[in-house]
Amino acid sequence: MISYLARRILWIIPVLFAVSIITFFLMHAVPGGPWDAEKRLPANVQARLNAQYGLDKPLYEQYIQWAGGFVTGDLGPSYRSRDRRVNDIIGDGIAVTFQLGIMAFALSVVVGIPLGIFAALGHNRWPDYLSTSISIIGIATPSFVLAILLIVVFSIGLGWFPTGGWKGPQYWVLPTVALAGFPIAVIARYTRASMLEVTRKDYIRTAQSKGIGGRAVVSRHMIRNALIPVVTILGPIFAFLVTGSFIIETFFGIPGVGRYYVQGIAGRDYGVIMAMTVIFALAVAVLNVVVDVLYAYIDPRIRYS
Amino acid sequence: MATNQQVVGRVGVAPRQSSGVWRDAFGRLRKNRLALLGLFGILFLAFIGIFGPMITPWPYYAQDTAAVTANGFKPIPPFTSAAHILGTDQLGQDMLSRLLDCARISLTVAIVVQFVVIGIGVPIGAIAGWYSGSRIDNGLMRFTDVMYAFPDLLLIILFSVAFRETAFGQALNGLLLVFVAIGLVSWVTVARLVRGQFLSLKETEFVEAAQAIGVSDRNIIMKHLLPNGISPIIVAITLGIPAAILAEAALAYIGVGVQPPRASWGSLIAAGQPFIRSYPHLTYMPGILIALALISFTFLGDGLRDALDPKLKGKQ
C-alpha cells in the first residue's frame, strides 16, 4: 500500500511536467504577445518590455525560469495587470472558487446519494420514476442552461435570490445549485445502480432470512456496500466542478479565478494561464489519488500493490 | 444496423437466421421506450438541422432592421409577429432561422468530433492493446494518462484561443478549430476502451486459431479484434456526442467557439443573457434545444449500452 501510494504520488510529478510543457508551448505558439492590447505599443517599447520580463530569451530558458519559480512558489508576473503578481491574482480568487466548488460538491453528495437510494428502494414505482426523471434533467442540462432556468424562476419570477454577484449567502444559492445539477444526477444514477446490484446479493438474503428488519438491512447492509463504487466517481466529479466553475463564475459574475483564466487566455497573460492550468491539474491529480486510497480504505477487498 | 451486420458477415461469423448479435441487440433496443424516444428526438433534430435552414423565411444572418426599428430597437418577443414567429433579437435576426442554423452547427460539431475521436483513439488503443506490455504500450498509455490529467475544458479553451487568429483557426468560421480542439481532448476514453477490449480479446481461442493459420497481425486486428470489440466503442461514441455538444456550447458561450455571423446554441445564450429579464425567450429557446439534444443522445446511448451488452444493464 505504501509503495503503491508513493508511486502514485511520484507519478504526479511527470504528469504535471508534461501538462505544463504542453500548455507552455501551446501558449507561445500563439501569434502575438501580451503587449498587443487595444493600443498597440511602439516596437522599441515592446522590445524593452520583452527584455524586462525575459520574453526575449529562447523559449526553453523561459520555461526553465517559469518552472524554477513554480517550484519555489513564485508564479511570476502578470503581463496584463502589470502592478500585480500572479500569486496575488490567484490568491484573490482561489478562495471563492474553492468555496463554490466545495459547496457544490457537498450539495451533490448530500442530494445525489439519498436520491439514488430513494430510487432503488422504490424500484419501478413512483420514487424510481421521480428520481430518474430528476437525474435525466440534471444530465441533459448544461450548467449555464440550468443557471438561466434558476434565474428566470427564482430571481425574476419569485425575486428570492439576486441574479449575480457574490456578496453574501443569498448570492451563493443559485450558482451552487446550477453547478451541482449535473453531479447530483450522476451520483444519483450511480447510487441507484449500485443499490440495485447489492439488493440481489446473497448476504442481503442471509440477513433478511435471519429476521433482521427492513430498515436495519437497508442501512447496515445495503447502503454501506452500495456506496463503495460511488466513491470512485467522486474524483471525476471534482474535476468536472473545477472546470465547470469557469462558466458559472462568468455567468453570475463571481470574482473567482475562473474569470481570470478566460481573460488571461484572451490577453495572452502567460503567467496566469500557466499557473491556473498546472494548479488545476495538480488538484485533480491529488484528488484522484485520495479517492483511490479512500476506496481501498473503505473496501478491504481492494488491495493495491 | 445494416452496415454493422455487414461487418459481422465479412469476418465470417454469419449471424444465425433468427438471432444474430446485432439482430438481438436491435430487438432489445426496440423494446426500450426511452431509447426510441431518444432516437425520435435525434431524427427530429437532424431533420431540422438539415432541412430547416432551407425552408426558413430568413437567412440566419439577415437583420430585419425595419421590424426592429418599428419596435423601438428592442427584440421582438415570440408569437407576436407573423413574419418572425419566434421573435427576433435586438438586431432583428429571426430567432427561428438562427435556432435552426445553430442546430446544424451543433450537430455537425458533435458528429465530426466523433470522427476525430475514432481517428485518434482507436489506433492508439489498438496499438497499445495489441503490443501490450511493450515500450510502445507504455509510452502510449503514459501519454493518455497525461491527457487524462488535463482539465478538459481548460485545454479546449487554450487550444481554441491559441489558434484562433491563424488561417486554420479561421477556417469554416472557426468550426474546424472547434472540431479539432474538442476531438483532441475526447479520444482518451475511447483509446482506453479499445486497449481494454484488445487485451481480453487477444487471449481468446479464435485469435490463437487465426495466428496458427498464419493470419497477419494487421488482419487479425482489422478483421477479428475490432469487429468483436466494437459494441463498447459504439456506445462510447454515442455517449460522446452529448459530451461534445456540451463542450461546444460551453466554448461558444464564453465566446471562443464558432465565430460570428455564424452562431451556435451556446453563443445565442451568451448573446441573449443581457436581456434575460425582459426578453427571456432569447436564452431559454436555445437552452431547450440544447437540453433536447443532450437528452436524446443520452437516452439512445444508454439504450444501446443495455442492448449491446445486457450484462451491464443499469450500471454507470
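## Contacts along and between the chains

Two residues are in contact if their C-beta atoms, placed from the backbone, lie within 7 Å. On that basis, in this predicted model, residues 24 or more positions apart make up 69% of the contacts in chain B with a separation of 6 or more. The corresponding share in chain A is 73%.

## The two chains

Chain A contains 12 helices and zero strands. Its pattern, read along the sequence, is α-α-α-α-α-α-α-α-α-α-α-α. The C-alpha trace of chain A spans about 85 × 55 × 30 Å along its principal axes. Of its 305 residues, 38% count as buried.

Chain B has 14 helices and zero strands. The pattern of chain B along the sequence is α-α-α-α-α-α-α-α-α-α-α-α-α-α. Of the 316 residues in chain B, 47% count as buried.

## The interface between chains A and B

Where the chains meet, 37 residues of chain A are in contact with 35 residues of chain B. On the chain A side, the elements that give two or more residues are helix H1 (2-28), helix H5 (126-140), helix H6 (143-157), helix H7 (169-199), helix H10 (234-252), helix H11 (257-266) and helix H12 (270-298). The residues on this side of chain A comprise 32 nonpolar, five polar and no charged.

## Helix H6 of chain B

Helix H6 of chain B covers residues 135-149 and has 15 residues. From its first C-alpha to its last, H6(B) reaches 21 Å, close to the 21 Å expected at 1.5 Å a residue.

The buried residues in H6(B) are B:Leu140, B:Thr144, B:Met147 and B:Ala149. These buried residues of H6(B) pack against helices from both chains: H1 and H12 of chain A, together with H5 and H9 of chain B.

## Helices H5 and H9 of chain B

Two packed helices are described by the angle between their axes and the distance between the axes. In chain B, helix H5 (residues 95-130) and helix H9 (residues 175-202) pack at an angle of about 35°, and their axes are 5 Å apart. The crossing of H5(B) and H9(B) is right-handed. By class, the residues in the contact of H5(B) with H9(B) are 24 nonpolar, six polar and three charged.

## Helices H12 and H14 of chain B

Helix H12 (residues 230-253) and helix H14 (residues 281-308), both of chain B, pack at an angle of about 165°, with their axes 9 Å apart. Angles over 145 degrees count as roughly antiparallel, so H12(B) is roughly antiparallel to H14(B). H12(B) passes H14(B) in a left-handed crossing.

Which residues meet between H12(B) and H14(B)? H12(B) contributes B:Ser231, B:Ile234, B:Val235, B:Thr238, B:Leu239, B:Ile241, B:Pro242, B:Ile245, B:Leu246 and B:Ala249. From H14(B) come B:Ile290, B:Ala293, B:Leu294, B:Phe297, B:Thr298, B:Leu300, B:Gly301, B:Leu304, B:Arg305 and B:Leu308. The contact of H12(B) with H14(B) has 15 nonpolar, four polar and one charged residues.

## The length and burial of helix H14

At 1.5 Å a residue, the 28 residues of H14(B) should span 40 Å. The end C-alpha atoms of H14(B) are 40 Å apart, which agrees with that expectation. H14(B) is mostly covered, with 25 of its 28 residues buried.

Terms used. Residues numbered from 1 in each chain as written. Chains lettered and ligands numbered in written order. Predicted model: local features only at pLDDT ≥ 70, side-chain atom pairs only at ≥ 80, totals over all residues. Helix = DSSP H or I, 4+ residues; strand = E, 2+ residues; numbered from the N terminus. Nonpolar A, V, L, I, M, F, W, Y, C, P; charged D, E, K, R; others polar. Axes fitted to C-alpha atoms, helices over the stretch in contact; angles between N-to-C directions. Left-handed = near helix turned anticlockwise from the far one by under 90°. Parallel < 35°, antiparallel > 145°, perpendicular 65-115°, else oblique. Expected span 1.5 Å × (residues − 1). Buried ≥ 20, exposed ≤ 12 C-beta atoms within 10 Å, placed from the backbone.
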